[in-house]
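Biologist: I would like a close look at a single part of this model, followed by an account of how the rest of the chain is arranged. Please give the cut-offs as you go.

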Amino acid sequence: MSTLTPPKPDTVTAAPSRVTLRGPVRVLLRVHRRSLWGAGALLAAMTAVLVAAALRADRLVADFANSGCTRSGSDRACFQPTRDYADSMLEVSRIPDYASLALILLPAVFGAFVAGPLIAREWENGTFRLSWTQSVSPVQWLTARLAAPAVLIVSGTVALTAVLAWVRPRTGAEYPTAWYEWFSFTASGTIPAANALLALALGALIGLVLRRTVPAMASAVVAYGVVTVALYNTRELLWPGRTDVHTLFRSHGHPRDAWTIDLGFLTDTGDRLPAGTCASFPTPRECLSELGATRQFTEYHPASHYWPLQLVETGILLALAALAVFAAFRVLRRLHG
């Protein structure tokens with residue numbers, strides 16, 4: 001009778017290991033490590049500059065308070081110290097504004113990097129075929145080029161946004177920035193991270209569509225700019241504003257920190273007249289009376305609308321990013337066959 005003997009250890013066939021994204025991600029990080037280190041160094045430098053600006057602002061405020069002078073004082077001996085303090089605080093308050101502009105522009109740089117060196121260049125050089133023949137499917141190849149930059153760039157963007165939110169009240173002690181200013185609003189809250197994701201998604205889609213490095217990079221920057229400008233021009237419409245109606249030539253009743261989006265005159269029939277109506281007439285009251293204007297109106301967003309506007313715009317950005325990612329995989333499927 002025959003007996004069953006287990007096979008020798010060296011003849012056992014090992015089960016194929018599951019292919020994960022660890023390999024493609026590791027290769028991606030290794031190939032582009034210099035660019036990633038450069039981006040990290042840039043974010044670290046911006047953070048250091050912001051922290052230094054906040055510390056300097058705190059010191060300026062403390063030194064001015066110890067001097068015994070005030071901004072509203074009339075003591076002649078305090079004239080020069082007050083002027084020096086005001087000039088120094090104005091200089092410091094501009095640093096977060098420059099950082100906000102950089103935070104708005106950085107997603108365009110990231111999107112151009114994804115569109116050009118990360119995707120389009122591989123199609124130009126044909127190196128993507130090498131990845132696809134090493135147990136890496138096209139879907140995994142593209143996923144790695146989206147997931148790795150997204151984690152790194154979004155993490156850095158969120159950190160820089162948090163630092164900027166901590167610094168701005170300190171540097172703006174004397175020259176505060178309104179919450180609705182376009183550069184401060186776009187560089188705060190949840191919008192910067194959503195902008196970064198959208199730029200990455202647009203870069204991936206454009207890189208796959210054009211498959212040429214320089215045109216893809218330029219197109220990614222233009223596409224991100226178009227979306228940013230479009231949202232800026234329609235931001236006031238993303239959430240219903242409030243309307244304050246008052247009698248002619250009397251002060252409005254909305255909060256001082258509100259974002260005024262429209263103002264003018266109301267007629268008896270409820271029609272709206274622009275704010276400049278009758279401004280060139282020597283007797284505006286008579287002109288408005290002839291037009292039937294009986295009241296003034298002011299349409300505005302109070303400060304409490306900050307988060308509704310932020311979240312609606314963030315949702316639009318994320319929806320566009322998801323649509324771009326979906327389109328990118330569809331294009332990849334069409335190219336791969």
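Which residues does Thr82 touch, not counting residues up to four places away in sequence?

Modeller: This is a predicted model, in which local features need pLDDT of at least 70 and side-chain atom pairs count only at pLDDT 80 or more, whereas totals for chains, interfaces and linings use all residues. Residues are numbered from 1 along each chain as its sequence is written, and side-chain values use heavy atoms, with hydrogens and water left out.

Leaving out residues up to four places away in sequence, Thr82 touches Phe64, Cys69, Thr70 and Arg71, where contact means heavy atoms within 4.5 Å. Thr82 has its place in helix α3, residues 79–125, helices being DSSP runs of H or I with at least four residues and strands being runs of E with at least two, numbered from the N terminus. Because its relative accessibility is 13%, Thr82 counts as buried; buried means under 20% relative accessible area, exposed over 50%, and partly exposed in between, with a 1.4 Å probe and protein chains only.

Turning to the whole chain, there are ten helices and four strands, and from the N terminus on the elements run α-α-α-α-α-α-α-α-β-β-β-α-β-α. Of the 337 residues, 40% count as buried, and among contacts between residues at least 6 apart in sequence, 82% join residues at least 24 apart. The accessible surface comes to about 19500 Å², of which 61% belongs to carbon and sulfur atoms, the areas coming from the Shrake-Rupley method with a 1.4 Å probe, and for residues only the protein chains shown count as cover.

The largest nonpolar core has 55 residues, and those with the most contacts inside it are Leu50, Ile119, Trp141, Leu142, Leu208 and Leu317; such a core is a set of buried Ala, Val, Leu, Ile, Met, Phe, Trp, Tyr and Cys residues joined through side-chain atoms within 4.5 Å. Elements that each supply at least two residues of this core include α3, α5 (138–171), β2 and α10 (306–336), while α7 gives the most, with twelve residues. Apart from this core lies another, of nine residues, among them Ala57, Cys78, Met89 and Val92. Leu317, leaving aside its neighbours within four places in sequence, is in contact with Ile191, Ala194, Asn195, Leu198, Val227 and Leu231.

Among the strands, which pair if DSSP finds at least two bridges between them, β2 (residues 259–267) runs antiparallel to β4 (residues 293–301) and is joined to β4 by eight bridges, with Phe265 having Gln296 in β4 as its bridge partner. Three bridges join β2 to β3 (residues 272–274), again an antiparallel arrangement, and here Leu266 has Arg272 as its bridge partner. The hairpin of β2 and β3 has four residues between the strands, and in this hairpin Gly270 takes a positive phi near 90 degrees.

One further backbone detail concerns Arg211, which is found in the loop between α7 and α8 and has a positive phi of about 60 degrees although it is not a glycine. Most residues other than glycine have a negative phi. With a relative accessible area of 29%, Arg211 is partly exposed.
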